[in-house]
Each structure stands twice: as C-alpha cells, then as structure tokens.
Amino acid sequence: MSRRLAEVAQKVGVSEATVSRVLNGKPGVSESTRQSVLTALDVLGYERPTKLRGERARLVGLVLPELQNPIFPAFAEVVGGALAQQGYTPVLCTQTAGGVSEEDYVELLLAQQVSGIVFAGGHYAERRGPHQHYARLTQRHLPAVLINASIEDLPFPRVSCDDEVAVEQAIGHLASLGHTRIGLLLGPEDHVPSERKLGAARVVAARLGLQIGDADVVRSAYSLESGQAATTRLLREGVTGIVCASDPLALGAIRAARRAGLRVPEDVSVVGYDDSAFMNCTDPPLTTVRQPIEPMGRAAIDLLVAQIGGQAVPQDELLFEPELVVRGSTAPVRG
C-alpha cells in the first residue's frame, strides 16, 4: 500500500497524505487533484478502491490500425495533445498483424473504465469488416468518435476529410498538365473512403471529357509493397498519371514505375493522399492532397469531450476540405 501511495504521489506531484485522502474518500482535496490521482492509479496499473470503480477514468482510448503509415502517428500526436489540454490521458492501442484486434482493444478499454474512445481508420470504414464491437459501446453508452469515412449505420459522430474534393483536386491537377490517361490506385473494394474516391473520380473525369475505365482502377492493401504490385498492372494499361489513396501507395507507385524503366515525373506523374511526414523529402518530392489533421483531430476531441460532459452532439459527419500540395512527382504529359 505504501509503495502504491508513493508511486501515485510522485506521478501526480502531491503528498502521500493527499493520495490517501482521495483513496479513502476524505474531503479537503480539489476535484482536479482527485481526478489526477485516479488517472495516475489507472496509468500505473493499480486497481481503484471498490467505491471509486463506478467512476470512469480520465483515460481516453485512441485505436489505430497501424503506425507504419505516418498519417496515424500524426493523428495520435494531434489527438493526444488535444486530450491533454482537456485533462485526459490518451491510451494508444495499435493493431498488429496476428496480434491484438480492434475488438480486443474495445473490451480492454471498457474494462479500464475509459471515458471515451477515438478511432482512426478502423473496421467502421470496411463494409464487410466486423462491426459487433461497436454495439458494445452503444450498450454501455460510452462516448466515441470516428475519424475518417465510415459505413452509414453507426450511431457515432464522424470527422472526415472530403474524399470527393481530394480526388477532384488530384484529377484536375493532372488534367491541367495535359494527362488524359489517368489511373486510380485505391484501397480494397469494401473500403468506404475508396468507394467515395472512385465515385468522385468518374464524375470529375466525365466533366473533363476523360474516361476512367475498369482497367484504369486497381485495388491494393494500404502498404507500399501492395501499391507497387498493383501499379504494375496500371502501367501496362498505358496510364501517364496515377492518383493514389495514400502516400505509401504513391511511393509504391513510384517504385513500380522505376522498376518498369519509367521516370517520375517525366514519363509518369503520381499524386498521393495525406501529405504525411517526410513526403517533401522523397525522390522526387511527392505531389499529394493534404488532410487537415490538426483541425480534424481537435474537432474529434471537442466532440468526444462534449459527449463525456453529457451534451448531445450531431451523429452525422463533419467534412473537412483537403488541399493539393504540388511538388516534384507531377509534370506536363510528354509529347
């Protein structure tokens, strides 16, 4: 007990006597100090005293699909900072292949009595993905926010970048450079953001007098290696410009072009999506459509904290406008 008191006191920066008063429900401690002590107990892995267990911890789960795509650590940084400003501690949950699943993390976070959960890029974006674990959150009335487009029938507020505007900007840019053979490198068929991008691409292409046929659209897992393999099929179709659904996919497309003996951007122009870290340092620096992650992350936390405070928030989607960042991976079509 004394070791626990000492550890918690050191973590919070208060006396052991103050920690003892909180644990024993005694008066004379400010609400902010009391919450800090309870959060420290949770973070250090100590069980709360029985009488304090009904209260949700000032912890918020942040569930990410991976950390290899730099956009997810970037979201974690923004969301973590916004949570800290509101007095909450983020608990980062990252899925790994064959490891802990999104469903497992939900159960784990529920057991930790978290105040809420923020998801970025989860199963909610997959039409054929597992969705039962989201029902557990609604049963427990646990506040949650989804970052990125999702299937329609989940009762959570959503914060998304406008996929349709992103594609409009990317295709418009390539068309302005004279490209008429444009290919799309998208995520899986049941992935909602890729669905939206494809729908928008066909509309934009028709408006510009271009045609994007079925052979001009390839699907890929969201990794550089998968993007490289899928791009090889696109290049056989003779496309001169490629619009990609993520920056790692775009880097895979550039690698595929080089393996095929083509130069980027002289022979093939490539546009990414996200503007994640170091895309201005690639060779060539990547033209990409930037997600406004700072305002998106802050909006997600504002929505979550409002729910935690008992306010009703809209269950629809908050759309943020992306921005085309032109760098060295796109150029006028040859000849």
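Predicted model: local features only at pLDDT ≥ 70, side-chain atom pairs only at ≥ 80, totals over all residues.

Visitor: How many helices and strands does the protein have?

Guide: Helices (H or I, at least four residues) and strands (E, at least two) are DSSP runs, numbered from the N terminus. Here there are 11 helices and 12 strands. The C-alpha trace spans about 80 × 35 × 35 Å along its principal axes.

Visitor: What percentage of the residues count as buried?

Guide: Buried means under 20% relative accessible area, exposed over 50%, and partly exposed in between, with a 1.4 Å probe and protein chains only. Of the 335 residues, 52% count as buried.

Visitor: How is a pair of aromatic rings described?

Guide: One gives the distance of the centres and the angle of the planes. Rings of Phe, Tyr and Trp (its six-membered ring) pair if their centres lie within 6.5 Å; planes under 30 degrees apart are stacked, over 60 edge-to-face, and the rest tilted. This structure holds four aromatic pairs. In one of them, Y124 and Y134 have ring centres 6.3 Å apart and planes at 65°, so the pair is edge-to-face. Because Y124 lies in the loop between β3 (116-120) and α6 (132-139) and Y134 in helix α6, this pair ties together parts that are 10 residues apart in sequence.

Visitor: Is Y134 buried or exposed?

Guide: Y134 is buried, with a relative accessible area of 1%. The rings of Y134 and F156 also have centres 6.3 Å apart and planes at 65°, so they too form an edge-to-face pair. That pair links distant parts of the chain, 22 residues apart, with F156 in the loop between β4 (144-147) and β5 (158-161). F156 is buried at 3% relative accessible area, and Y124 is buried at 0%. Ring pairs link F119, Y124, Y134 and F156 into a cluster.

Visitor: Which charged residue lies over the face of Y88?

Guide: A charge sits over a ring if NZ of Lys or CZ of Arg is within 6 Å of the ring centre and within 35 degrees of the ring normal. R58 lies over the face of Y88, 4.2 Å from the ring centre. Likewise, the charged end of K197 is over the ring of Y273, at 3.7 Å from its centre.

Visitor: Which residues lie nearest the centre of the largest pocket?

Guide: On a 1 Å grid over the protein atoms alone, a pocket is an open set of points where a 1.4 Å probe fits, with protein on both sides within 12 Å along at least five of seven lines; lining residues have an atom within 4 Å of a point. The largest pocket is lined by 30 residues, and P65, F72, G121, H191 and Y222 lie nearest its centre. The largest share of the lining, three residues, comes from α4.

Visitor: Where is V239 found?

Guide: V239 is in the loop between α9 (224-236) and β8 (241-244). At 5% relative accessibility, V239 counts as buried. Contact means heavy atoms within 4.5 Å; leaving aside residues up to four places away in sequence, V239 touches R181, I182, G183, D216, L234 and V268.

Key
Residues numbered from 1 in each chain as written. Heavy atoms only, no water.
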